[in-house]
Amino acid sequence: MQQLHHDGNPLKRNYNTLAEYKLIEDLPDTNPLAIINADCAIVYCNNSFKNSFSKTEGEAFCDSQIDPDLVHMVRGFIKSHYSSFHFDLQLGYNFLNESNNYSVDVERIYIASVEYFVLRFTSTEERLKLEDRLNTIHNAIEYGNVPVIITEESGKVIYITKSIEKFLNKTIEDVYYSFFTSALVGLISKDDLLKAEEAFNTNKEWTKVVAHFDERGSLSYKELRLNPIYKGDDRPVNYILTANDITHYLLKNQIIKESEKKLRLIINNISDLLL
């Protein structure tokens with residue numbers, strides 16, 4: 001068993017009811033999750049937890065059926081003043097059939113001013129698969145030279161690609177965890193910044209075409225596009241801002257329009273000669 005870290009933040013997370021907590025928080029059924037009270041009684045658990053631990057609501061969590069190391073860590077956390085705690089734990093196959101190496105996250109919450117504790121279990125194998133998947137996506141974005149900014153729900157920047165760093169002439173350190181419009185200051189007008197913020201506040205898409213000169217003085221056109229990302233409900237969980245190069249598209253349209261204009265002039269001249 002390896003303890004990783006703990007968080008002593010005294011900030012309380014308060015909810016009026018358990019139903020409100022389940023509505024606000026994302027409670028997936030893919031990994032075991034349970035909520036217990038200070039007496040270690042289970043007040044809520046998902047199906048994955050029921051299948052893995054053979055326990056359900058109303059039963060005691062900290063009993064002889066549960067791994068003693070896990071019981072010791074949970075009881076210790078309950079007696080502490082920490083708001084959250086994370087540790088790795090090896091559990092026997094008789095408890096969790098898929099894998100015996102798990103990461104455990106314990107969080108202190110308050111429902112109707114009563115203290116509860118959320119237990120989340122993530123298999124090391126699944127976590128590694130997720131990390132590999134994220135690395136694959138990251139590499140695809142980076143090597144695909146796609147300029148991207150990703151924000152969290154609040155609009156604060158949590159990820160940018162190298163290509164958009166180059167485009168904005170800013171680094172991740174310049175804009176990390178700042179509101180996304182701060183990355184666009186100097187690129188678009190104050191009016192457009194307000195329109196982007198308004199689109200964010202109303203969960204709408206936003207687009208803006210900008211002209212851009214690179215370090216060699218070459219002119220290109222980028223389409224900035226902000227899109228909210230949803231996860232099963234009406235509340236966006238992330239926002240993605242892209243800067244796609246539309247230079248070829250615009251130049252092609254310009255050539256087509258000029259050709260159409262010349263063709264109309266020729267047709268008009270022929271009509272005048274016939275008349």
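Accessible areas here come from the Shrake-Rupley method with a 1.4 Å probe, and for residues only the protein chains shown count as cover. On that basis, the accessible surface of the chain comes to about 16900 Å², and 53% of it belongs to carbon and sulfur atoms. Keep in mind that this is a predicted model, where local features need pLDDT of at least 70, side-chain atom pairs count only at pLDDT 80 or more, and totals for chains, interfaces and linings use all residues. Residues are numbered from 1 along each chain as its sequence is written, and side-chain values use heavy atoms, with hydrogens and water left out.

**The overall picture**

The chain has 8 helices and 12 strands (DSSP runs numbered from the N terminus: H or I with at least four residues for helices, E with at least two for strands). Of its 275 residues, 37% count as buried (under 20% relative accessible area; exposed is over 50%, and partly exposed is in between, using a 1.4 Å probe and protein chains only). Now for contacts, meaning heavy atoms within 4.5 Å. Among those with a separation of 6 or more, 39% are made by residues 24 or more positions apart.

In soluble globular proteins, nonpolar side chains tend to be buried together. A nonpolar core is a set of buried Ala, Val, Leu, Ile, Met, Phe, Trp, Tyr and Cys residues joined through side-chain atoms within 4.5 Å. The largest one in this chain has 25 residues, and Ile36, Phe49, Phe61, Leu70, Val74, Phe87 and Phe121 have the most contacts inside it. Elements giving two or more residues to this core include helix 2 (47-53), helix 3 (68-79) and strand 5 (84-90). Helix 3 provides the largest share, with 6 residues. There's also a second, separate core of 22 residues, including Ile160, Ala183, Leu193 and Trp206.

**A look at helix 7**

For the 12 residues of helix 7 (residues 190-201) that gives 16 Å, and the end C-alpha atoms are 16 Å apart, which agrees. Buried residues in helix 7 are Asp192, Leu193, Ala196, Ala199 and Phe200. They cover an arc of only 120 degrees around the axis (taken from the directions from the helix axis to the C-beta atoms), which puts them on the same side of helix 7. An α-helix has 3.6 residues a turn, so residues three or four places apart point the same way. The face turned away from that buried side carries the exposed residues Lys190, Leu194, Glu198 and Asn201. What do the buried residues of helix 7 pack against? Their partners are strand 10 (206-213), strand 11 (219-230) and strand 12 (236-245). Just after helix 7, asparagine 203 takes a positive phi of about 55 degrees.

**Salt bridges**

Side chains of opposite charge can pair when their charged atoms come close. A salt bridge is a side-chain nitrogen of Lys or Arg within 4 Å of a carboxyl oxygen of Asp or Glu, and by this rule the count comes to 9. Here are some of them:

| Pair | Closest N and O atoms |
|---|---|
| Lysine 50 and glutamate 57 | 3.6 Å apart |
| Lysine 55 and aspartate 63 | 2.6 Å apart |
| Glutamate 205 and arginine 225 | 3.6 Å apart |

Glutamate 205 lies in the loop between helix 7 and strand 10 and arginine 225 in strand 11, so this pair ties together parts that are 20 residues apart in sequence. Salt bridges that share partners join Glu205, Glu223 and Arg225 into one network. Glutamate 205 is exposed, at 53% relative accessible area, while arginine 225 is partly exposed at 26%.

Terms used
Expected span 1.5 Å × (residues − 1).
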